[in-house]
Amino acid sequence: MKKPYLMATLLLLSPYLFGQEAPMESMPLNDLSGFQSQAGNWMIVGEVTIDPTTDIHHQEAPPEESSRKKRKKKQSSEASSAASQSPVTYEAGTGILLNMNDETTKDNLLSSWEHGDILLELEVMMPKGSNSGIYLQGRYEIQLLDSWGVKHPKYGDIGGIYRNWETQKEKIYLGKAPLTNAAKAPGLWQTMKIAFRAPRFDASGNKIENARFVYVDLNGERIHENVEVPLPTGGPVENNEVPRGPLMIQGDHGPVAFRNIRYHQMEETSVSLTDLQYKVFDNASGKLDSLMNASPASEGSLDQLTAALPGVLDNFTILYQGALEAPEAGDYQFRLNYMGRILLQVDGEEALAVNNYDNYRGESEVTLSLPAGKTPFTLVYYKETPPWPVRLGIFSTDSYPRALHQISSFPPESPETGPIYVNVQDEPRLLRAFLDYEGQRDQRLTHTIGVGGPSGVHYVYNLITGSPVCVWRGEFLNATPMWHQRGDGSFRPRGAVQHLFAGPSLAQLSSSNAAFPATLNEPGAWKGQGYRIDEATGEPVFIYQMDGQMVEDHVTPNAEGNLLTRTLTFTEGNPDGKTYLKLAQGDHIETMPDGSYVVDQQYYIRVPADEQVTVRTVDQQQELVTPLQSSSFEYSIIW
Amino acid sequence: MYQKILSFLYTLGLLAVPALSWAQGENPPTEDDYYRIVTLPTPEGMLLEVGGMVTLPDGRIALSTRRGDVWVIENTEMFEGSLPRYTRYASGLHEPLGLAYRDQSLYVAQRGELTKLSDTNGDGRADRYETIYQWPLSGHYHEYSYGPKFLPDSTMIVTGNVAFGDEEWWRGESRVPWRGWSMQITPEGEMHPWATGMRSPCGIGIIDGEFFYAENQGDWMGSGGIWHVTKGSFTGHPAGLSWAGEEGSPVDLTAEQFYAKIDKRQVKENGRYVKPENIEDETDPTFLFEAQKEFPNIKLPAVWLPHGILGISNSEIVTIDNGEAFGPFNGQLLVGDQGQSKIMRVALEKVKGEYQGVAFDFRANFQSGVLRMTWGDDGSLYVGETNRGWGSAGSENSGLERLVWTGATPFEMKTVKAEPDGFTIAFTSPVDKASAEDLNAYGGRSFIYKYHAVYGSPTVNEEALKIKGVKVSEDGKSVRVVVDNLRQYYLHELNVLGIKAANGGQGVLHPVAYYTLNNIPEGEKLPQSEWVTRRSQPSNAQQASRAIQAQAVTSTPDDPNASSAAPTFAEIEPLLIKNTCTACHQADKRQVGPAFKDVAKRKYSPEKIVELIYQPQPENWPDYATPMAPMPQVPKEDAMKIAQWINSLR
């Protein structure tokens, strides 16, 4: 028998499923080699720009009659009119997968590989009115649609789990709407992360567990949390359920572009613990040799591993012996969770030894190379003074964690508290707190205020720099970090957050090339004076003073609730030509056909036609700036 | 229930024996007979974690909450049983921990700024949130800001907590200017640094136009207390000294100068900082008064509030300034406590130009931590409560209560004043002379706290007070107590457990006074000819029984028959109180620390429990926010009895 090669890995290095650490495989998108052949509507291109203002139905002939999505087609027929300019322009190159279908060339795209359990990440960009979908295993669709500004998203909006169109009662599946609409405006890149668990089948091929979206994130916001999909959704590659199938992207309903497609395939194994014997000793000891000869307080055999054994209190050692039974030779991954300390030997060699005294919630991952069949193991779990609950769990983590222990050994726990959400009612809701910019604790902003709009458009404003720092739609705030227990003074936006920039946006500059200062609360130059509440709207109007000028800053959503307009008004003094406004900052700021600007293809800035703004480069960053000439200036932020 | 028992025992002067000298068969008076707590109802879902509170000129009460709201409440006295009404005046503030009123506006300290709130359109809701002054923050959770309080010149005082270290999570740090400082801010937004040395200056008060603040036990703070903060003073926590060199700083002591003389206790072992711990049997510990001789900026607390006895996290300070409306203590101070959910009473006097004075227990059993207090126009005291994650006595995490004087005068020590040779105790009503002229009616000790980088301090240099004689005044309302061993700077605990009221015969409601003797006054000593030196025999002097038994607590002779059995609750209760265990622990309910019952479940040996009393291991209790401080001052035999009792709760 080949001696198993044992390899202990640290948590951070391991392919931990729910973290960011999984080793993702990229689809290079240098060509279409990762996909099955198709009619030609799919291509690899360099750069794609999409005019957000042009609806595809204004240039596209009505799609042909098809069995699925009849309703949508009907709507699009109504909207269709004479052909005009396509909203999509692209350049030759690589890195972007683009679908440009027409009435006849409109194949779906299938991966050349098949998958079961998978983690999938991608970025997607669509024009106004377009429609596509990502089918896991070619059978379970996460819908892609231009759902910008939709208040109450449905199963058919972006991120929705699509329905099917079966008529037979037991085959109907009505889909599931996303938890929230995290959609961005057309023409912007949107990120999607899907954790999918394939259906499970018994030996005779009967399905025993449904397919499951473990989670789906759109633009960083969770839109599905651990939901089953009991049946294939509409338009599957084949109307059945199988352990493995290809990834499919819908290509018959309008242009769609993808980039940065990355995935990690996982396969659950049937590795198990067998022939389990245990011995309980009265005191904690990590010394295996002495335990082997000591007489235990109790002992016996087990069907399932558990630490919930008679005589196990605060100060004890449990010695488990048994076999790891692997279906075939290979690397197997495990996770152990424990309160206390553990020692794992596999086939006589140490695989894991955790001796830290204070493992309140210890967690270790280990990868074991096992031969087919049974490999003996010894697991020691021991614990002394810290009188924490006795908890020991062991999971097989080749794919989503599968418990190898009895539930009593590692029972589910109640969370400490429910979340404390701050909702917006019929008036704007304001709340000050710390904000971790881009979610980073080391970028914590200390003088920020969240402003929630009744129309569902929200932003955070930095009172030290006098500028909006991030915007989002949907629910308002999670204040649990601030208000639970002692709290840490911070809140978190609840939604797909578009970060803008954290520094000042209005400053006196010595020349048009001068950089903006890092902060503005230098004495004399700038003084925040808080805000007033606008009586008509209930919205805050921020007030500050700058070298004798008084400025009011009013950020307000439009009626549709899909963009914010910021108006700066000089109520005392006039801009003297040295007062500059920074509207945006990013790696690439480009002009759009309608005169607006797109920042890193993440958000748009729209400026009134009669205003002049320029793109300049400072410290390798592009900035959209303008000297202020009149007593009032406004622009819109669209995302 | 446990709290009730506790309060009952306090009331009894640490005693629960049947042979009480007064009113056989009647219940002894309790705090409730004199000061009644009324809880104000709130609409369902409204959480009043009170951070600031002020009475408006029209009698309404305004309060700010942790959730960022300012509520204005009318009909707080609930006239004829009608409900109070709440109007949201402002919202969205960042954990405001203060509230003041001036000229039709409210002023509030948010975490990062002083804000003026005004209602300009008359709808009862603020529509102008004006930044008066903004100060920097690092974003650490502990950087709370408190205030403002108006000084007579219409400037405002705001104070700021320190942050804590990342690796040195135990060490208070001032990461950005003016953390650990008090700031004086004009209504126009000019800021002048006022003083430093603050660690957690949650309780601020203006007394006779002077700025006072209450501090909590912590690193460099052996115990809580209240300080008179003159401009430029340094109250003890060195973190804020980092900014003493900044422009405008009135403090001329730098961190370098300080640490050149005082050990920072910053030690690395194996590349990691080691948390400084109390040094047991330290031969020459530093005391704050000694450090003051080196650094005259150091301000001693006017009154120590001994940790665990008179609170564990002192808060708001208010003056009783409504004449007779609140009982017999006009002109004295009340100090709240968050952890123990109670209020203490303080009487100050000026000796040799400095404030010092005496502190007593006053009223316990609020439903949550007492953070803020304000006087109602009806003469009652409104108490704003929260424990915000630190745990507190009482059944709730927050609330608003009202304390009403019932009109009955409690039999209390009204004041204790220092004399060149002891103290004069004034009573609220005449004492029974026979009881007061018995030296066995009195007892006490003096002690002090260490000044070191360690979290808290045990009481050290303890010494029993040697009471040489007493003189009771003609009217029976005061007693001069001559003490042989007064010690300047020390905290003098003086009990009058044996004294009875002339009328009714009951004991003093709160029979223990804590006098901080920063200065011993000059003047005439009492001639020996005027003293009474009689000591009753315990066996035949029933009036002294309380005192005798209380003292016996420390040296109960072991009953040979009971030595192996676990002590009873009645036996152990006085020990728990005396050793301040009850400051944080209850028998069967989690408070600041775990219930004794939960400790029992850990199945420690009694010896192990004793060891843990002296060297606690807070890491064993990760679900508790406040770490237990080592308690080396607990006598070993007490600790062992407590341990045996704890284990009997299994």
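In the predicted model, strand β40 (residues 563–572) of chain A runs antiparallel to strand β47 (residues 632–638) of chain A, and seven bridges join the pair. Within this pairing, A:Thr565 stands opposite A:Ser636 of β47(A). Both strands belong to an open sheet of 12 strands with antiparallel pairing, in the order β42(A)-β43(A)-β44(A)-β47(A)-β40(A)-β39(A)-β38(A)-β37(A)-β9(B)-β8(B)-β7(B)-β6(B). The edges are formed by β42 (589–591) of chain A and β6 (100–102) of chain B, each of which pairs on one side only. On average, and with direction ignored, neighbouring strands of this sheet are turned by 25° against each other.

Chain A as a whole contains three helices and 47 strands. Its C-alpha atoms fill a box of roughly 90 × 65 × 45 Å along the principal axes. Of the 639 residues in chain A, 45% are buried. Contacts in chain A were also considered by sequence separation: among those between residues at least 6 apart, 66% join residues at least 24 apart.

Strand β8 (residues 117–125) of chain A illustrates burial within this chain. Seven of its nine residues are buried, so the strand is largely enclosed by the rest of the structure. Strand β8(A) pairs in the antiparallel sense with β17 (residues 256–266) of chain A over eight bridges, and A:Glu121 has A:Arg262 in β17(A) as its bridge partner. A further antiparallel pairing, over seven bridges, links β8(A) to β11 (residues 190–197) of chain A. Here the bridge partner of A:Leu119 is A:Ala195 in β11(A).

A:Asn219 is placed in the loop between β14 (211–218) and β15 (221–229) of chain A. Because 24 other C-beta atoms lie within 10 Å, A:Asn219 is buried; the cut-off for this class is 20 or more. B:Ser154 occupies the loop between β10 and β11 (156–160) of chain B. With 10 C-beta neighbours inside 10 Å, B:Ser154 is classed as exposed, since that class takes in residues with 12 or fewer. Strand β10 (residues 145–150) of chain B also holds B:Pro148, and the peptide bond leading from B:Gly147 to B:Pro148 is cis, with omega near 5°.

Elsewhere in chain B, B:Tyr86 is part of strand β5 (residues 85–90). B:Tyr86 has 18 C-beta neighbours inside 10 Å and therefore counts as partly exposed. Leaving aside residues up to four places away in sequence, B:Tyr86 touches B:Pro43, B:Met46, B:Trp71 and B:Ile73. One of these, B:Ile73, is 13 residues from B:Tyr86 in sequence, while the two C-alpha atoms are 4.7 Å apart in space.

The helices of chain B were examined next. In helix α8 (residues 606–614) of chain B, the buried residues are B:Ile609, B:Val610, B:Leu612 and B:Ile613. These residues cover an arc of only 165° around the axis, and so they lie on the same side of α8(B). An α-helix has 3.6 residues a turn, so residues three or four places apart point the same way. The cover over the buried residues of α8(B) includes α9 (636–647) of chain B.

Two packed helices are described by the angle between their axes and the distance between the axes. For α8(B) and α9(B), the angle is about 125° and the axes are 8 Å apart. The angle makes α8(B) oblique to α9(B), and the crossing is right-handed. At this contact, B:Pro606, B:Ile609, B:Val610 and B:Ile613 of α8(B) meet residues of α9(B), among them B:Ala639, B:Met640 and B:Ala643.

Helix α6 (residues 569–578) of chain B also packs against α9(B), at an angle of about 125° and with the axes 10 Å apart. Helix α6(B) is accordingly oblique to α9(B). This crossing of α6(B) and α9(B) is left-handed. The residues that meet here are B:Ile572, B:Leu575 and B:Leu576 in α6(B) and B:Asp638, B:Lys641, B:Ile642 and B:Trp645 in α9(B).

Terms used: Residues numbered from 1 in each chain as written. Chains lettered and ligands numbered in written order. Predicted model: local features only at pLDDT ≥ 70, side-chain atom pairs only at ≥ 80, totals over all residues. Helix = DSSP H or I, 4+ residues; strand = E, 2+ residues; numbered from the N terminus. Pairing = 2+ DSSP bridges. Contact = placed C-beta atoms within 7 Å. Arc of directions from axis to C-beta. Axes fitted to C-alpha atoms, helices over the stretch in contact; angles between N-to-C directions. Parallel < 35°, antiparallel > 145°, perpendicular 65-115°, else oblique. Left-handed = near helix turned anticlockwise from the far one by under 90°.
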